Amino acid sequence: MNGKFIVFEGVEGAGKTTQIYQTADWLQSMCSQDRSVVMTREPGGTKLGQQIRQLLLDDPQSLVTNRTELLLYGADRAQHVESTIEPHLQRGDIVLCDRFTDSTIAYQGYGRGFDLDEIARVNQLATGGLQSDLTFWLDLDVTIGLQRVLSRGKPDRMELATLDFHQRVRQGYQELANIYPNRIVRIDANRSQSVIQMEIQAILMQAKWLWNS
Ligand code: TMP
């Protein structure tokens, strides 16, 4: 049995977390006992990664440079792929991941302005070439997402970046979706949680690769 790797992406406040939880519950109810559905995230999907997450996000005044930021996301991913994602995929599990390589392309590439080839090299080094089987891009207007985040309380270092930065990130996702139409599915996140979840389930129901092995 081959594992399956499904990623959720999007700008701040797009509602990924809720959708991942609901998708995990639904998928588990649809799968046989011997197939586990696992939820994880980046940054912070491992014990070491949780420390990296704190370094990256907790302190809005942190003097982390853009290059260090890129490499810390890469380090988090390297640890995550080797110690968590790959072992689960080898066991045949379905892994649902909150953010993966496209976040680095959108945030550090389009957002911070790093050369995309340089980002590709960091991603390749961190993942050994692992890609998602499918990525749901929850697309939401940046101002709506940021308002949601601010209304929840203490925003983190990335959430406090400029509106322009977040708009470039969204543009990055749009370009990625254009380049990889078979891997990245745009979901209009401007709708109710239940409607979004129904669309995700409908797409997964039709995905033969998910159910056939
Ligand atoms: P989140 O897990 O709450 O979505 O927050 C993670 C933050 O880290 C979010 O602002 C996106 C950012 N991020 C990057 O900038 N690059 C990356 O490669 C990843 C995985 C996340």
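This briefing covers selected helices, loops and single residues of the structure above. The model is predicted. Helix 4 (residues 101–111) gets the most space here. Ten of its eleven residues are buried. Helix 4 packs against helix 7 at roughly 130° and against helix 5 at about 150°.

**Helix 4: what covers it**

- Helix 4 is mostly covered.
- Its buried residues are T101, D102, S103, T104, I105, A106, Y107, Q108, G109 and G111.
- Strands 1, 4 and 5 (184–188) are among the elements that cover these residues.
- The cover also includes helix 3 (66–91), helix 5 and helix 7.
- Just past the end of helix 4, G113 has a positive phi of about 95°.

**Helix 4 with helix 7**

- The axes of helix 4 and helix 7 (residues 163–179) come within 8 Å and cross at roughly 130°.
- That angle makes helix 4 oblique to helix 7.
- The crossing of these two helices is right-handed.
- On the helix 4 side, the contact uses D102, S103, I105, A106, Y107, Y110 and G111.
- On the helix 7 side, it uses F165, R168, V169, G172, Y173, E175 and L176.
- The residues of this contact divide into eight nonpolar, three polar and three charged.

**Helix 4 with helix 5**

- Helix 4 and helix 5 (residues 116–127) have axes 10 Å apart and pack at an angle of about 150°.
- Angles over 145 degrees count as roughly antiparallel.
- Helix 4 and helix 5 are therefore roughly antiparallel to each other.
- The crossing of helix 4 and helix 5 is right-handed.
- Helix 4 brings T101, T104, I105, Q108, G109 and Y110 to this contact.
- Helix 5 meets them with L116, I119, N123 and T127.
- Four of the residues in this contact are nonpolar, six are polar and none is charged.

**Helix 1**

- Helix 1 (residues 16–30) has 15 residues.
- From first C-alpha to last, helix 1 reaches 21 Å, close to the 21 Å expected at 1.5 Å a residue.
- K16, Q19, I20, T23, A24, W26 and L27 are buried in helix 1.
- These buried residues pack against strand 1 (4–10), strand 2 (37–41), strand 3 (94–98) and strand 4 (134–139).
- They also pack against helix 8 (193–205) and helix 9 (208–211).

- Most residues other than glycine have a negative phi, and most peptide bonds are trans.
- R99 has a positive phi of about 80°, although it is not a glycine.
- R99 sits in the loop between strand 3 and helix 4.
- The relative accessible area of R99 is 12%, so R99 is buried, the cut-off being under 20%.
- The peptide bond from E42 to P43 is cis, with omega near -10°.
- P43 lies in the loop between strand 2 and helix 2 (47–58).

**L163 in helix 7**

- L163 belongs to helix 7.
- L163 has a relative accessible area of 39%, so it is partly exposed.
- Leaving out residues up to four places away in sequence, L163 touches V142, T143 and L146.
- L163 and L146 are 17 residues apart in sequence.
- Their C-alpha atoms are 8.6 Å apart in space.

Technical notes:
Residues numbered from 1 in each chain as written. Predicted model: local features only at pLDDT ≥ 70, side-chain atom pairs only at ≥ 80, totals over all residues. Heavy atoms only, no water. Axes fitted to C-alpha atoms, helices over the stretch in contact; angles between N-to-C directions. Helix = DSSP H or I, 4+ residues; strand = E, 2+ residues; numbered from the N terminus. Parallel < 35°, antiparallel > 145°, perpendicular 65-115°, else oblique. Left-handed = near helix turned anticlockwise from the far one by under 90°. Contact = heavy atoms within 4.5 Å. Nonpolar A, V, L, I, M, F, W, Y, C, P; charged D, E, K, R; others polar. Expected span 1.5 Å × (residues − 1). Buried < 20%, exposed > 50% of the residue type's maximum accessible area, 1.4 Å probe, protein only.
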